[in-house]
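Here's a walk through one model, starting with who touches what around the ligands. Keep the viewer open while you read.

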Amino acid sequence: MSNTARKHTALPKAQILIEALPWLTRHHGKTVVIKFGGNAMIDDDLKAAFAQDVVFLRHAGLKPVVVHGGGPQISAALDRHGIVSEFKAGLRVTTEDAMDVVRMVLAGQVQRELVGLLNQHGPFAVGMTGEDAHTITATKHQPVIGGETVDIGRVGEITAIDTGAIEALLEDGRIPVISSIARSQDDGHVYNVNADTAAAALAAALGAETLMVLTDVEGLYEDWPNSDEVISRLTASQLEKLLPELSSGMVPKMEGCLHAVRNGVTTARVIDGRVQHSILLEIFTDEGIGTMVVPDGQGD
Ligand SMILES: Nc1ncnc2c1ncn2[C@@H]1O[C@H](COP(=O)(O)OP(=O)(O)O)[C@@H](O)[C@H]1O
Ligand SMILES: CC(=O)N[C@@H](CCC(=O)OP(=O)(O)O)C(=O)O
């Protein structure tokens, strides 16, 4: 191929990079908390593409922080240990024995895998749990279901976030990868925290620009499970009205998005993690591809 022909074939690629420039300019130096849900970790290609996207953001001058889930992986491990998985109010009933398995799977398996994938691109990822350096502190969560307080074991309600360790890592150019386990403020043990809740609390405490929640649906469906019409944008107040109608995994996700935008985060997005490079797709589309939650007063 001649030099001129080579230049011509490269031109569309240059144009694509330039198209991303406004987004990259707006987000330069900003912190982005990305929650990777266990249900979105479907196959190796998808996980590898996720790692590429996160490293891309890091090289583009953003500060990505990864918070990961692992619900299905925990359920499979509990099953192998002969422990039955039960959820109440969208949260896993976590006995002392189950807690050991939760910690082993999140910190020893899922987090290690993501750290390994990210570090194929350079010495970036550092794995930690909310226990480390008092990053996440919690007390026993006691949900009220049907008017009664229910004991769901070692499930934590976040009471404090210390962003010191994460900020030091970001300052050093690293990518923190955080498992949703909290230290207990009550005893010497640990608590199981829903990963969406942990990601939202961290996004707010870090003053993140964006919270991106990658899951296994296109976004928030308007009338789930009857229709697949995705709500593309909603304000905090609109979301608040909708919360009582939501079910299962969407409850902590949307409560988290609401908490984030009510506490300084500019946008919270629920996006389809089953789509390869879904994070980069957000950069190239103005409104994004999933559901975007914005603070009140922004186009409502
Ligand atoms: N209104 C809704 N829109 C989309 N999904 C919903 C809705 N209500 C409940 N869901 C359920 O929430 C699930 C996502 O939450 P979850 O299973 O906890 O995923 P993750 O592992 O990514 O956190 C979806 O797969 C869907 O079954
Ligand atoms: C208290 C509670 O329910 N904790 C979750 C933590 C993992 C998680 O949230 O994983 P996903 O994001 O993949 O759902 C659990 O035990 O499944």
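In this predicted model, a polar backbone atom of Gly70 sits 3.0 Å from an oxygen atom of ligand 2. That makes a polar contact, meaning a pair of N or O atoms within 3.5 Å; inside the protein, one must be able to donate a hydrogen and the other to accept it, and residues adjacent in sequence count only if both atoms are side-chain atoms. On its own ligand 2 has 430 Å² of accessible area, and the protein covers 93% of it. Accessible areas here are Shrake-Rupley values with a 1.4 Å probe, and for residues only the protein chains shown count as cover.

Ligand 2 is surrounded by 14 residues, and the closest are Lys35, Gly38, Arg92, Asn192 and Ala195. A residue makes that list if one of its heavy atoms lies within 4 Å of the molecule or strand in question.

Lys35 turns up again at ligand 1, where a polar side-chain atom lies 3.0 Å from an oxygen atom of the ligand. Here are the polar contacts to both ligands:

| Residue and atom | Ligand atom | Distance |
|---|---|---|
| Gly70, polar backbone atom | ligand 2, oxygen | 3.0 Å |
| Lys35, polar side-chain atom | ligand 1, oxygen | 3.0 Å |
| Tyr221, backbone N or O | ligand 1, nitrogen | 2.9 Å |
| Lys253, polar side-chain atom | ligand 1, oxygen | 2.6 Å |

Taken alone, ligand 1 exposes 580 Å², of which the protein buries 84%. There are 18 residues around ligand 1, and Asn39, Thr215, Asp216, Tyr221 and Lys253 come nearest.

Back to the protein itself: which residues of helix α4 (71–80) are buried? They are Gln73, Ile74, Ala77 and Leu78. These residues span an arc of only 135 degrees around the axis, so they end up on the same side of α4. The arc is taken from the directions from the helix axis to the C-beta atoms. Buried means under 20% relative accessible area, exposed means over 50%, and partly exposed is in between (1.4 Å probe, protein chains only). The buried residues of α4 pack against β4 (91–92) and α5 (96–118). After α4 comes Gly82, with a positive phi near 75 degrees. Helices (H or I, at least four residues) and strands (E, at least two) are DSSP runs, numbered from the N terminus.

Ser180 lies in the loop between β10 (175–179) and β11 (181–184). At a relative accessible area of 3%, Ser180 is buried. Leaving aside neighbours within four places in sequence, its contacts (heavy atoms within 4.5 Å) include His68, Leu106, Asn192 and Ala195. The Ser180 side chain also reaches the backbone oxygen of Val193 at 2.9 Å.

His27, in helix α2 (21–27), is buried with a relative accessible area of 6%. His277 sits in the loop between β15 (267–272) and α10 (278–284) and is partly exposed at 28%. His277 touches Ala49, Gln52 and Asp53, not counting residues up to four places away in sequence. His277 and Asp53 are 224 residues apart in sequence, yet 6.3 Å apart C-alpha to C-alpha.

Most residues other than glycine have a negative phi, and most peptide bonds are trans. Ala133 has a positive phi of about 50 degrees, and His134 has one of about 60 degrees. Ala133 is found in the loop between β5 (125–129) and β6 (136–140), and His134 is in the loop between β5 and β6 too. Trp224 and Pro225 are joined by a cis peptide bond, with omega about 0 degrees.

How far to trust it? The chain averages a pLDDT (the predictor's confidence in each residue, from 0 to 100) of 93, and 96% of the residues score at least 70. The model scores ipTM 0.96 and pTM 0.95.

Residues are numbered from 1 along each chain as its sequence is written, while chains are lettered from A and ligands numbered from 1 in the order in which they are written. As this is a predicted model, local features need pLDDT of at least 70, side-chain atom pairs count only at pLDDT 80 or more, and totals for chains, interfaces and linings use all residues; side-chain values use heavy atoms, with hydrogens and water left out.
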